[in-house]
Amino acid sequence: MKATALLAWRLLWRDTRYGELSILCFALIIAVSCSTAVNLFSERMQRTMNAQAAEFLAADLVISSSEDISKAWLDEATRLQLKQAKTIEFPSALVENDELLLASVKAVSALYPLRGQLKISDETESEITTTQAPAEGEVWVEKRILPALKLHLGDVLNVGEKALKISKILTYEPDRQGDFYSMSARVMLNERDLAQTHVTQPGSRLHYSFQFSGDEKALKTFHDYVKPKLNASQRIIDIHQNRPEIGEALRRAESYLGLLSILVVLISGVAIAIATRRYSERHFNTVAVLRCLGYKQNQVMTLFVLQFLILGLFTSALGCGIGVVVQQGLFYLLKSFLPATILQPSISSLLLGFLMGITILFGFAVPPLLQMQKVSILRIFQQQLEIVTPSAWLVYGIALSLTSFFIWFYTDNLKMTAIIMGGGLLTLFILRFFLTHFLLYTKRFLPKISLNWRFGVEALLRNPKISTVQILAFSVTLVAMILSYSVRTDLLKDWQLQLPNNSPNHFAINIFPQQFDKISSDFTQQNIHSSGIYPVISGRLIAINDVAVQKIVSKETQGDRAIRRDLSLTWSAQLPEDNQIIEGEWWNKTPVKNQVSIEDKLAQSLGVKLGDKLTFTISNQEVIADVVSIRRLRWDTMKPNFYMIFSPTTLDNYPQTFLTSFFLPKEQKNLLNQLVKTYPNVTVLEVDVVLTQLKTIFTQLTSAINFILYFALFAGLTVLFAVIHASLDQRIYESALMRVLGANRALLRRTHLLEFALLGFLAGLLAVLISQVLLFALYHWALHLTYSPNLPLCVLTPFGSAFLVCLAGFSCVRNVAKKPLTTILKGK
Amino acid sequence: MIETVNLGKTVFSPEGALQILKEVTLKIDKGESLAIVGTSGSGKSTLLGLLAGLDSPSTGSVFLNGQNLTAMDEDGRATMRNQLVGFVFQSFQLIASLTALENVMLPLELAGDKQAKTKASALLERVGLAHRLSHTPIKLSGGEQQRVALARAFVTQPAILFADEPTGNLDSKTGNHVIELLFELNHEHNTTLVLVTHDKDLANRCNRKITLEAGAIL
Ligand SMILES: Nc1ncnc2c1ncn2[C@@H]1O[C@H](COP(=O)(O)OP(=O)(O)OP(=O)(O)O)[C@@H](O)[C@H]1O
Ligand SMILES: [Mg+2]
């Protein structure tokens with residue numbers, strides 16, 4: 001064994017010295033560094049994104065509860081070394097200078113916020129960020145509180161029985177959850193002052209939020225520990241569940257990045273397989289000679305596997321190193337897009353990159369290597385002896401299992417794995433069959449065309465099997481790139497749809513009924529586009545078909561959240577913009593009293609169907625309504641959205657205020673003052689801050705995705721070079737021979753160009769076909785987006801591909817015609 | 001037909017400059033056959049390569065049919081070869097992915113000959129391979145491959161044929177067969193023949209014989 005290892009090392013060394021291995025090595029290093037960089041990058045990106053999402057929670061994990069939680073849980077968190085913070089929110093009426101204001105008080109513990117930052121300002125209005133909660137005896141308030149209560153910075157504000165000094169104006173808190181309709185002004189104080197306010201009596205409406213941050217594993221342990229112990233009023237939220245719109249974006253981005261990584265691995269795998277195949281073929285004679293010299297078959301295999309192991313260790317390490325540098329460089333390049341602090345890569349993911357390098361190498365290199373096993377000793381006597389390939393199924397089975405494993409590993413989704421593998425394989429087999437036969441058929445009917453063309457086409461047809469493999473390899477790469485590009489574009493489009501440029505950025509709430517007409521006309525006058533003014537009536541759903549909802553609804557669902565607090569109810573004669581009836585019918589011109597239209601996701605989680613009877617309490621009275629329609633709506637549009645819309649007149653006798661949302665460009669901000677002056681009772685919420693936050697996140701996701709796309713492109717180019725390099729020897733030889741026979745170099749160049757162009761064009765054409773089928777499947781089953789073919793892309797791809805292959809191919813073969821012709825005399 | 005003046009070739013290796021061909025002056029008439037003999041490494045292939053314009057000399061010049069090869073560029077020499085020269089090599093040098101017929105058609109196609117197929121099949125029939133037209137070289141024996149190579153060399157009706165140890169890779173019986181064929185074709189087409197060989201008998205069948213040693217004519 002030791003002797004074999006030594007020999008392996010020496011053979012490898014000689015090979016590198018004679019330049020035989022350089023191409024293989026190069027392919028390997030590119031592949032490994034590429035996938036390592038992608039891995040590291042997406043891992044760090046994911047963790048950073050998660051951290052961003054954590055900012056919206058002000059923690060990594062939050063237990064929300066209407067009562068204090070058991071001490072045992074907190075002890076468990078301490079044991080797991082999680083950092084802890086706590087906030088208690090409650091509504092409280094503030095009275096100062098004979099003015100009354102309903103505020104939302106938030107008492108926070110010392111470590112709050114665990115993630116993200118608070119923003120505060122003083123009279124100078126310059127904003128500063130801090131991670132410190134207000135000190136004892138101090139209170140921070142939202143700006144609108146000061147004029148409302150005729151107070152100034154530095155004055156004393158009484159919260160319950162405690163007098164606190166207003167030391168700062170609070171301009172931003174990371175975990176402000178937007179139930180915009182009922183958002184009242186914020187007052188933030190230190191938890192230690194809470195007891196002395198005496199506002200929190202048993203039975204008062206408190207909202208506790210226990211926040212945790214720390215090691216991902218510990219968090220998971222804690223999550224699993226707490227989850228089964230939660231009672232009906234408690235919920236556990238982590239960064240993936242928080243904020244549906246961001247959660248969704250993150251989840252999609254994660255599966256997208258995962259998908260991209262698989263594609264890069266696959267593409268690299270193709271390059272490795274091609275390079276190894278060439279390596280094997282170059283060594284058939286070596287194998288025959290070694291066998292002649294008395295080496296046993298398995299010794300020969302050990303020899304080559306050892307060489308590959310050495311190579312794998314070396315290149316993986318090098319690749320990892322390059323990968324780290326490359327991804328670091330990328331973060332550097334993107335630093336203006338990215339959050340200020342990027343989390344460091346974890347050692348484990350670096351190790352994973354290394355292991356993966358070796359795994360990719362062997363997964364894709366073993367099949368071609370196995371071919372060597374079948375080399376006959378007789379080859380010594382007869383160079384041209386053809387190789388008996390080992391059972392193709394066994395050989396490609398290895399690569400396939402590995403690929404499936406990777407896909408499963410990244411997606412953690414068996415269905416998706418099955419779709420990708422099954423669909424992919426089937427397509428490949430069918431395509432291979434048709435392509436080979438298409439080429440054979442063309443060859444037979446090759447028309448009498450000009451010499452250049454004939455030679456070009458013939459070069460492609462000469463060896464239909466090899467051409468098929470080359471075309472398929474290019475196609476797969478292109479498919480990967482088209483998929484990446486299309487999914488990215490469509491995800492982006494989807495995200496942008498979620499946040500249209502002039503989506504409402506302000507909410508006006510608490511509009512009195514008598515102000516309705518005037519405010520509407522004011523809006524029209526000022527040319528402000530509002531998304532409709534809706535009445536709001538607070539109410540609670542208590543029964544479905546006379547069964548109490550608590551008995552029906554399971555924990556953790558949207559339904560649960562909807563029934564545990566007051567719902568904002570409304571009535572409307574018209575179906576609101578962006579709402580879509582999916583079942584039943586919207587009421588016509590003469591609506592019937594006591595009918596209700598329900599949002600579809602809530603209906604699903606409550607198990608409500610058309611015709612069901614819903615019972616609400618509104619101002620201590622019961623209202624019963626029949627479900628006549630189910631609506632689908634977009635929650636992420638910043639427009640007033642309602643779970644329940646009643647038919648007109650149903651809610652006439654209940655106290656109601658109105659709300660609207662509208663878009664106000666920055667230049668028109670001064671209109672706000674006017675509005676607030678004219679309607680002092682109306683509260684205007686500026687949600688553009690939240691919108692900016694969302695946009696930042698989406699921009700970052702986009703950059704990350706764009707960036708990894710370049711990697712796929714890079715990997716694709718590697719394949720391109722590997723394929724062309726693999727046929728380089730033959731090209732050099734044939735070109736030299738043709739020149740001996742009198743072909744001039746221009747002809748050879750044209751022939752090559754034409755061959756490459758055809759190859760690229762065919763590959764592009766195929767890629768368009770495959771990718772569109774896959775995209776359809778992917779959108780339909782995995783990403784839930786609507787599929788619509790991108791026609792310009794479909795048309796441009798074949799030409800672009802032809803161009804790309806020509807470019808890469810030509811740069812490889814441009815020296816082919818320089819080979820000294822005397823080599824032909826020496827017998828190759 | 002072929003004329004050289006002070007033909008020399010120097011190559012540069014890590015060990016220094018190496019003169020592998022020294023001041024060769026030669027004149028070969030039309031229809032004449034010349035054998036180049038000498039020990040291995042004496043410069044036979046080097047000389048052949050220079051005569052055929054596969055390589056350019058360090059000193060001196062080569063005239064083919066009165067035209068100075070040395071003054072031409074690579075593409076000019078290629079056209080010259082296509083019109084004037086045929087080759088037979090020791091290791092056959094057929095294109096593996098082309099059939100026998102296609103291999104023979106190749107030089108005609110390069111010359112833009114419209115009747116490539118007819119001419120090529122006729123010549124393959126002449127060398128006794130009418131039944132192997134669509135076979136690729138891999139399926140042919142060495143002798144058969146060399147006959148395909150002969151057909152390819154003669155199909156353009158070249159004025160000059162260069163052959164570098166055409167029997168080197170064949171057993172003597174097959175070799176003799178190929179040689180017979182070569183001389184027959186040579187005679188039929190009245191070709192000027194330059195032949196490199198180790199084989200004394202073969203050399204003796206030529207009109208003239210030169211012996212190389214260490215790059216110089218003895
Ligand atoms: N490009 C080169 N660089 C260095 N040395 C060369 C080069 N080409 C030829 N030689 C040397 O020149 C000498 C003549 O080579 P050539 O191939 O002409 O010999 P040959 O007579 O054909 O031998 P053989 O009978 O073995 O074919 C040899 O010693 C060879 O090593
Ligand atoms: Mg020689």
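Two strands pair if DSSP finds at least two bridges between them. Helices (H or I, at least four residues) and strands (E, at least two) are themselves DSSP runs, numbered from the N terminus. By that rule, β14(A) and strand β19 (residues 613-618) of chain A pair in the antiparallel sense over four bridges. Within this pairing, I544(A) has L614(A) of β19(A) as its bridge partner.

The model is predicted: local features need pLDDT of at least 70, side-chain atom pairs count only at pLDDT 80 or more, and totals for chains, interfaces and linings use all residues. Residues are numbered from 1 along each chain as its sequence is written, chains are lettered from A and ligands numbered from 1 in the order in which they are written, and side-chain values use heavy atoms, with hydrogens and water left out.

Strand β14 covers residues 534-544 of chain A, and eight of its eleven residues are buried. Buried means under 20% relative accessible area, exposed means over 50%, and partly exposed lies in between (1.4 Å probe, protein chains only). β14(A) also pairs in the antiparallel sense with strand β22 (residues 657-663) of chain A, over three bridges; here Y534(A) stands opposite L659(A). With strand β16 (residues 567-571) of chain A, the antiparallel pairing of β14(A) again has three bridges, and G539(A) stands opposite L567(A). Strand β15 (residues 547-548) of chain A is joined to β14(A) by two bridges, in the antiparallel sense.

Elsewhere in chain A, Q515(A) lies in the loop between β12 (506-511) and α15 (516-525). Q515(A) counts as buried because its relative accessibility is 12%. Its C-alpha atom is separated by 9.8 Å from that of V682(A), although Q515(A) and V682(A) are 167 residues apart along the chain.

Chain B holds an open sheet of four strands in the order β2-β1-β4-β5, with antiparallel pairing. In chain B, β2 (16-28) and β5 (67-68) each have a single partner strand and stand at the edges, so one side of each is left without a neighbour in the sheet. Strand β1 (residues 2-13) of chain B pairs with β2(B) over nine bridges in the antiparallel sense.

How many residues does each chain give to the contact? Chain A gives 25 residues and chain B gives 26 residues, where contact means heavy atoms within 4.5 Å. The area buried between chain A and chain B is about 2,600 Å², and carbon and sulfur atoms give 61% of that area. Buried area is the accessible area (1.4 Å probe) that two parts lose on being put together, summed over both.

There are two salt bridges between chain A and chain B. A salt bridge is a side-chain nitrogen of Lys or Arg within 4 Å of a carboxyl oxygen of Asp or Glu. R745(A) and D75(B) form a salt bridge through their side chains (3.3 Å, N to O). On the side of chain A that touches chain B, α13 (451-461), α21 (728-740), α22 (745-783) and α24 (822-825) of chain A each supply at least two residues. The largest share, seven residues, comes from α21(A).
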